[in-house]
Amino acid sequence: MATQHSRSAARIMMAPAVVLLLGWMLVPLIMTLMFSFKRYLPLRGGDLGWTGFDNYIRFVSSSAFWPAVSTTLIIVGAVLIITIVLGVLLALLLDQPMWGQGVVRILVIAPFFVMPTVSSLVWKNMFMDPTNGLFAHLWRFFGADPVAWLSEASVPSIIMIVSWQWLPFATLILLTAVQSLDSEQLEAAEMDGAPALSKFGYLILPHLSRAITIVVLIQTIFLLSIFAEIFVTTGGAFGSRTLTYLIFQRVLESQNVGLGSAGGVYAIILANIVAIFLMRIVGKNLDA
Amino acid sequence: MSIKKTILSATALTALAGALSAETITIATVNNGDMVRMQGYTDEFTKATGHEVEWVTLEENVLRQRVTTDITTKGGQFDIMTIGMYETPIWGANGWLVALDDLSEEYDADDILPAMSGGLSHDGTLYAAPFYGESSMIMYRTDLMEKAGLEMPVSPTWDFIREAAAGMTDRDADINGVCLRGKAGWGEGGAFITAMSNSFGARWFDENWQPTFDSPEWFNTVSFFKSLMDDYGPAGYATNGFNENLNLFQQGKCGMWIDATVAASFVTNPTDSTVADSVGFALAPNTGLGKNSNWLWAWALAIPAGTQKEAAAKEFIEWATSKDYIDLVAANEGWANVPPGARQSLYDNPNYQEVPFAQMTLDSILSADPNNPTVKPVPYVGVQFAAIPEFAGIASQVSQEFSAAYAGQQTVEEALEKAQAITSEEMEAAGY
Amino acid sequence: MARGITNQRKAINTAAAWAVGLLIFFPILWTILTSFKTEAQAIADPPIFLGFNWTLENYATVLERSNYARFLWNSIFIAGGSTILGLIIAIPAAWSMAFVPSKRTKDILLWMLSTKMLPAVGVLYPIYLIFIKMGLLDSKIGLVVVLMLINLPIIIWMLYTYFKEIPGEILEAARMDGASLKEEILFVLTPMAIPGIASTLLLNFILAWNEAFWTLNLTAVNAAPLTAFIASYSSPEGLFFAKLSAASTMAIAPILILGWFSQKQLVRGLTFGAVK
């Protein structure tokens, strides 16, 4: 039905977005690629010439590289699992008839509005501090020794903070999907006396698969680059250093922009591997 | 109508002319107590000179990242930057800072303690003016010490510290014998363990810039620290930095605390500290090898080269680091709260000599020697750091390995092995 | 009888949902409460829940120390500006993808999303250098553009999914009536898409408000938003939980209030095409 006219109009309308994003992607990408083949040390005078693949070799052969990759994947994976499982349960719960539904929804989505820096500071100081934190008070109340969360369980602590931030997002999207579930189908299932579990497995979950796909996709993009949560809480210590954080250390702490840029290129590659992987697994759900 | 307009623009012009000599300078600074206090007195500066001041106050790590990016790219966002003894010589050598060699007569630059001006200079030229200077020393609870039946020597050994910590620790009363920094970060736990290693005869690099974490001295340092803190330190000490320990000490949960001399004014301040009237001071401990484990640091104000407002910036620096500023703070908040450690005249002042920690602060500062920091010779300058561009990056990673060892996630041997590998790797990358 | 059972179930649901809701909200509630305590009360053991002497002292301290109004205004300007600019660019693009799809539409969409994967810190130096060259450092305009670009893929994707749900027949009917392309977008599509546009706007406002890397690293004074404000209150010397809480509350309050008023819109609108 689309005419030649509307096709060219469509192209014109897409042009600004495509051109801008192309620029936003290409300019930094090309500069990053260029830096990554250079010895670029800002504190030693800046650009010190080309070095071939030195930075790339050095970045992967560093003892910090593989642990950082696995920490990244663990954090992303764990947060995805937690937010989706809890998000589905919460969405189902919030969909039930109840008093004060609006208020409860507000309470549940509130963490999404909190800046990552603020939520990290709050969790770190007011909850996880081993002396004055609320958890420490709670542990002592029950006669247990307070846990030094950010050193003894740094990665789980960060997973917890990040999950708290992203659970509302997952819940919101899943809730919208749950609400669109055909109530007639549900009632029919109820009439048949289908047990709750099989109702969930055969009816609800398939219906939610598309929403879950979207949660996975969008959250992965954001989670791969979490930074403030680590910067504020552990500073990358105790095995909580992600790839993004490792790049930060190379670029800003070590002031080795060439090496950090090589790391940036690896991070892009990792992100794309994850993306392709995601597309393969969940892409069918997404006939965008 | 048009007459009115003319008059209006004429007044605007005069206002503009008046504003030309008065400028607005932008200052990046750290959010610690003395700096925040200085912000409170900005009006006095504006009144005296007509210059307005915009403050960019940031947490220490964010500040470092922010000003380093700006200075290396010549971004020109700030007219004054608050930097330390680590950055100043490196930046000065690169020609990124305005030399402060033409300060006014009445400013009396010769009054700045030599240890401070030495650490803030490159090739004998001062590049940053110290706002306050610090070393580190022992702060201890005189009541607990007495209860333990011990007496703190003026210059104790680490063995004595261990003994005293054992005597003061009372887990039931939630009192830890000793609180020390274990937090990762080169300016946090990294600074402490480096200064401590000096007293154990260790060093970061040998004369050929080879890292020496495989030496027995380093092993002794880190394992002594860990066993001392495991036995008598607070829970979770691997994440405790200056601030955490300050809170613990103020709440009466530490017998001893070895940290920055500036903390003395906080722990003796009765409004914040529950133990204000029972704090004693001593020199940072040693092992009899001739070096104490105290560091040397200054927060200083520097002007990035290329700023358009150099003259106004200099005026501000002269004001903020002057003797008059010290008098101003003393008059309003008492002598215990003036910025310490920068000027000899402050320590010659009889009023200040009455402050209980004044003499010990001065003695600590004077006993630190950045040009000769360790028992064995080293190629670098700096007590708790080595003033080379790579150090911050290396030391923050090394201190993370140490913190992981403190937390029991790896052994001291493993941590030192990794430290050696990280340092070799980075030094090689830097072309040593 | 049946009604009784429903009410009973409803009561259980209500209790469960409220318990979970309060648990999730608790950290925020605790922060707000702490902001009204003195520093000593903030760390008291056992913790004091409500029975403390409420004080505004922390807010007074924070207001005295920082130019909160300017930070707030910058946040509003940057988040609002980038969202509006993003919508202006995204609406035509999403429209054409939804109604004049080609074989490459899906690829283009995924490519757009993939531009979000470049780790920000890796390109700090390139972007900083570009900003210096263009004189954009510490300018609100510069940040508006950067945040717009960061969120543009999400905006386009969200709008695309909304537009796709608009039945094509309506458009055809409008076309039969001789509506021009402009009229079609303005009078037919836009009204139908308003709920979608509104929730896109909200989500992106939130994302832009909370962005803490570029807003911190590319600003100093004139453009510094609330993310920079909060960076001056984390871990200073001495006791600081109460002051930190006050600053935190001030940083999140505006967006929290906005979110509360618009939560219905968000709940309805955040579909990303998840609903078929």
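The model is predicted: local features need pLDDT of at least 70, side-chain atom pairs count only at pLDDT 80 or more, and totals for chains, interfaces and linings use all residues. Residues are numbered from 1 along each chain as its sequence is written, while chains are lettered from A and ligands numbered from 1 in the order in which they are written.

**Chain B overall**

Chain B holds 19 helices and ten strands; helices (H or I, at least four residues) and strands (E, at least two) are DSSP runs, numbered from the N terminus. Because its radius of gyration is 23 Å, close to the 22 Å given by the globule rule for 432 residues, chain B is as compact as a globular protein of that length. That radius is taken over C-alpha atoms, and the rule is 2.2 Å times the number of residues to the power 0.38. The C-alpha trace of chain B spans about 85 × 50 × 40 Å along its principal axes.

Of the 432 residues in chain B, 56% count as buried. A residue is buried if 20 or more other C-beta atoms lie within 10 Å of its own, exposed if 12 or fewer, and partly exposed in between, with C-beta atoms placed from the backbone. Two residues are in contact if their C-beta atoms, placed from the backbone, lie within 7 Å. Among contacts in chain B between residues at least 6 apart in sequence, 73% join residues at least 24 apart.

**Domains of chain B**

An automatic or database domain assignment supplies the bounds: domain 1 of chain B covers 2-134 + 296-358, and domain 2 covers 136-295 + 370-429. Their centres, taken over C-alpha atoms, are separated by 30 Å. In the contact between them, 16 residues of domain 1 of chain B meet 17 residues of domain 2 of chain B. H5, H6, strand S6 (129-141) and strand S10 (296-302) of chain B each supply at least two residues of the domain 1 side.

**Local features of chain B**

Strand S2 (residues 52-58) of chain B has five of its seven residues buried, so it is largely enclosed by the rest of the structure. Strand S1 (residues 24-30) of chain B runs parallel to S2(B), joined to it by seven bridges; two strands pair if DSSP finds at least two bridges between them.

Helix H17 (residues 358-366) of chain B is mostly covered, with seven of nine residues buried. Among them are Met360(B), Leu362(B), Asp363(B) and Ile365(B).

Asp108(B) lies in the loop between helix H5 (87-93) and helix H6 (114-119) of chain B, and is partly exposed, with 14 other C-beta atoms within 10 Å. Trp209(B) sits in the loop between helix H9 (189-199) and helix H10 (216-232) of chain B; with 16 C-beta neighbours inside 10 Å, Trp209(B) is partly exposed too.

**Contacts between chains**

| Contact | Residues on each side |
|---|---|
| Chain C with chain A | 77 residues from chain C, 81 residues from chain A |
| Chain A with chain B | 28 residues of chain A, 29 residues of chain B |

In the contact of chain C with chain A, helix H1 (residues 2-34) of chain C gives the most to the chain C side, with 16 residues. That side has 55 nonpolar, 16 polar and six charged residues. Ala, Val, Leu, Ile, Met, Phe, Trp, Tyr, Cys and Pro count as nonpolar, Asp, Glu, Lys and Arg as charged, and the others, Gly among them, as polar.
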